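Please read the points below beside the sequence and the structure.

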Amino acid sequence: MSNVAFVGLGVMGYPMAGYISKAGHNVTVYNRTGAKAEKWVTEFKGSKADTPAKAANGADFIFTCVGNDNDLKDVTFGNNGIFKTIKKDAIYIDNTTASATIAREIYDYSVKNEFGFLDAPVSGGQAGAENGALTVMIGGDQTNFDKAKDIIDCYSKKMKLLGSAGNGQLAKMVNQICIAGLVQGLSEAINFGVKSGLNMEDVIEVISKGAAQSWQMENRYKTMLDDKFEHGFAVDWMRKDLKIAMEEAKNNGSLLPVTELVDKYYAEVQEMGGKRWDTSSLIKRLSK
């Protein structure tokens, strides 16, 4: 079993770290809000540290799952960051959804300082994290992936190395671009069906077995019909992710007209008080 540090115990990181502990690894956690770390150690086997640097001290594998690029810089390059204590040949796995730019910056630093790095954002939402069934998109070197894949497997149902550093983050952008369009289409379809007087339970039962089927349809249509939006990835987080994707699109010259439009719709949802509603709340702006 390995010594593991896990930094960031949000709705995703908390259960992910738990699955690593349940697999028998020696886990030390850090969270900016200390009470969350204290709660974690009462629920799972492990210990807590007062800083990311202390958590990473002596760890074979170090995980981070924080909010954005700035948070990531703070817990890595910061005065109390993990790079102050990370040991040679350790493997650092970042599960944050961040930019490809910072992933490449961290990779370059890791090569110079002789430790491994994988950018490994996840998909599957809170439910996927709680069930240990996340999809992990990974960028980095094959050697580091081979060393880390068994421990990543603790919380994943599917992982894949997709090329060099930054490619994990780019793949996550592809994922979020797909979701944005899917949720808007599903919202319009459900709203159309309801206003047409259709029994949408029956309609979804039929069309979910055909070409229109999607994860969003299977997992969100009932809560969308019930006007309940406390079941997953928050609108605030989605807008953060879409902003990253749109900025990257400017760099590579790709067009994202639908994504840009849906991002504006999510801004309307935020104005309606839906910052913490899940992403399927796009339907709210159609039925208001």
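1. The largest cavity is lined by Thr 97, Ala 98, Gln 169, Lys 172, Met 173, Gln 176, Asp 241 and Ile 244, where a cavity is a set of points on a 1 Å grid over the protein atoms alone at which a 1.4 Å probe fits but cannot get out, and a lining residue has an atom within 4 Å of a point. The model is predicted, with local features needing pLDDT of at least 70 and side-chain atom pairs counted only at pLDDT 80 or more, while totals for chains, interfaces and linings use all residues. Residues are numbered from 1 along each chain as its sequence is written, and side-chain values use heavy atoms, with hydrogens and water left out.

2. The largest cavity holds about 30 Å³ of space, and a search of the whole structure finds one cavity of 30 Å³ or more; a volume here is the space filled by probe spheres set on the grid points, which are joined across faces, edges and corners. Helix H8 gives the most to this lining, with four residues, and H8 and H11 each supply at least two; helices are DSSP runs (H or I, at least four residues) numbered from the N terminus. By class, the lining of the largest cavity has three nonpolar, three polar and two charged residues, where Ala, Val, Leu, Ile, Met, Phe, Trp, Tyr, Cys and Pro count as nonpolar, Asp, Glu, Lys and Arg as charged, and the others, Gly among them, as polar.

3. H8 (residues 167-195) and H11 (residues 235-252) pack at an angle of about 115 degrees with their axes 9 Å apart, the axes being lines fitted to C-alpha atoms over the stretch in contact and the angles running from 0 to 180 degrees between N-to-C directions. Their contact (heavy atoms within 4.5 Å) includes Lys 172, Met 173 and Gln 176 of H8 and Asp 241 and Ile 244 of H11, and its residues divide into nine nonpolar, one polar and three charged. The crossing of H8 and H11 is left-handed, a term for a near helix turned anticlockwise from the far one by less than a right angle, with right-handed used if the turn is clockwise.

4. H5 also packs against H8: their axes come within 8 Å and cross at roughly 165 degrees, which makes H5 roughly antiparallel to H8, a label for angles over 145 degrees, with those under 35 counted as roughly parallel. The contact joins Ala 100, Ala 103 and Arg 104 of H5 to Gln 169, Leu 170 and Met 173 of H8, with four nonpolar, one polar and one charged residues.

5. H5 (residues 100-112) has a further contact with H4 (residues 69-76), at an angle of about 15 degrees and with the axes 10 Å apart, and the two helices are therefore roughly parallel to each other. Asp 69, Leu 72 and Lys 73 in H4 meet Ile 102, Glu 105 and Ile 106 in H5, a set of three nonpolar, no polar and three charged residues.

6. What is the volume of the second largest pocket? The value is about 230 Å³, a pocket being an open set of points with protein on both sides within 12 Å along at least five of seven lines. Among the residues lining this pocket are Asp 69, Met 173, Ile 244 and Glu 248. H11 gives the most to the lining of the second largest pocket, with six residues, and the residues there divide into two nonpolar, five polar and five charged.

Notes
Angles under 35 degrees count as roughly parallel, over 145 as roughly antiparallel, 65 to 115 as roughly perpendicular and the rest as oblique.
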